[in-house]
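Please look through the model below with its terms in mind.

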Amino acid sequence: MDSKKLFWGLDIGGTKCAIVTGDEECRILSRHAISTADYKNWEEVLETLLSFAPEEKPLAIGVSCGGPLDSKNGLILSPPNLPGWDEVPIVRWLEEKTGARAYLQNDANACALAEWRFGAGKGCDNMVFLTFGTGFGAGLILNGKLYAGTNDMAGEVGHVRAAADGPVGYGKAGSFEGFCSGGGIHQLSGGISAKDVVMRAEAGDSEMQKVLEKSATKLGMCLSMLIDILNPERIVIGSIYARAEKWFKDTAWRVIEEEALVYPRNVCSVVPAKLGDAIGDMAALTVAINGLKEEE
């Protein structure tokens, strides 16, 4: 393949890390994953990932990693799921090793970029992406550009308190993450996994249906807040919502109709994420693709 069209993506996680290659349309050409715990330190992880890369030099490299991080200076800053990854200069390290431009974003922002450029948010100037998986956070596309905030902490809606008390998420009882995440649903159900809660609801279990309704109600409150503050044209929701939309959509919209201002509400749609299980790989690639586009 013409190296001018080749991009690399590194998806860095506490359980696994992967290197993917793809083209400017984010079509994945190759992928190799490793277990993060099998290696002593971050340099060994990165050296191993690069050993699986093709010989052709990429046009750019994108890195998607859980925060905290400093995207402007290309540093990973001690993520809780990556012990020992303290102030890792990953962008500089990759650029020195490969001679290619490298870019870094936290995983929620990277997924937002992927859904915006290649998924359910394509064509939007103002889009919010919500994770709704292990955690609950947002990636913001505002005026046709990723908005990361002053120090990459924009979009942490999961930390906002949704109730005076309740399930714990993001270290805070009653937070939106406590109600709208896999861990939150696990707490609301008395210890049943989110996957099993949905399965039991599908089978007619009224108690599990009530659990999902409670989660959906808090989701509607969060969506109303985002609609009123940001006036997006689309909100894209991944993971649990994308797999079980029927249990959330109607309840969330009832809340939106009660709580959100009519004019921003009428121009906003709420849709499930489109990229599915490929989103992690595509997110890392999109960080590279988007990084170059923003420099043009």
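The questions and answers that follow take up labels used for this structure and the values behind them.

This is a predicted model, in which local features need pLDDT of at least 70 and side-chain atom pairs count only at pLDDT 80 or more, while totals for chains, interfaces and linings use all residues. Residues are numbered from 1 along each chain as its sequence is written, and side-chain values use heavy atoms, with hydrogens and water left out.

Q: Why is Asp281 called buried?
A: Buried means under 20% relative accessible area, exposed means over 50%, and partly exposed lies in between (1.4 Å probe, protein chains only). Asp281 has a relative accessible area of 10%, and is therefore buried.

Q: What makes the pair of Asp281 and Arg31 a salt bridge?
A: A salt bridge is a side-chain nitrogen of Lys or Arg within 4 Å of a carboxyl oxygen of Asp or Glu. The closest N and O atoms of Asp281 and Arg31 are 2.7 Å apart, and the pair forms a salt bridge. Asp281 lies in helix H11 (residues 279–295) and Arg31 in strand S3, so the pair ties together parts that are 250 residues apart in sequence. Helices (H or I, at least four residues) and strands (E, at least two) are DSSP runs, numbered from the N terminus.

Q: Why is Arg31 called partly exposed?
A: The relative accessible area of Arg31 is 41%, so the residue counts as partly exposed.

Q: How do you know that Asp11 and Lys16 form a salt bridge?
A: Their side chains meet at 3.8 Å, N to O, and the limit is 4 Å. Of the two partners, Asp11 counts as buried because its relative accessibility is 16%, whereas Lys16, with 36%, is partly exposed.

Q: What makes Arg101 and Glu295 a tie between parts of the chain that are 194 residues apart in sequence?
A: Arg101 forms a salt bridge with Glu295, the closest N and O atoms being 2.5 Å apart. Arg101 lies in strand S7 (residues 101–106) and Glu295 in helix H11, so the pair ties together these parts. Glu95, Arg101 and Glu295 are linked in a network of salt bridges.

Q: How do you know that the radius of gyration of the chain agrees with that of a compact globule?
A: The radius is taken over C-alpha atoms, and the globule rule is 2.2 Å times the number of residues to the power 0.38. With 296 residues, a compact globule would have a radius of gyration near 19 Å, and the chain has 19 Å, so the two agree.
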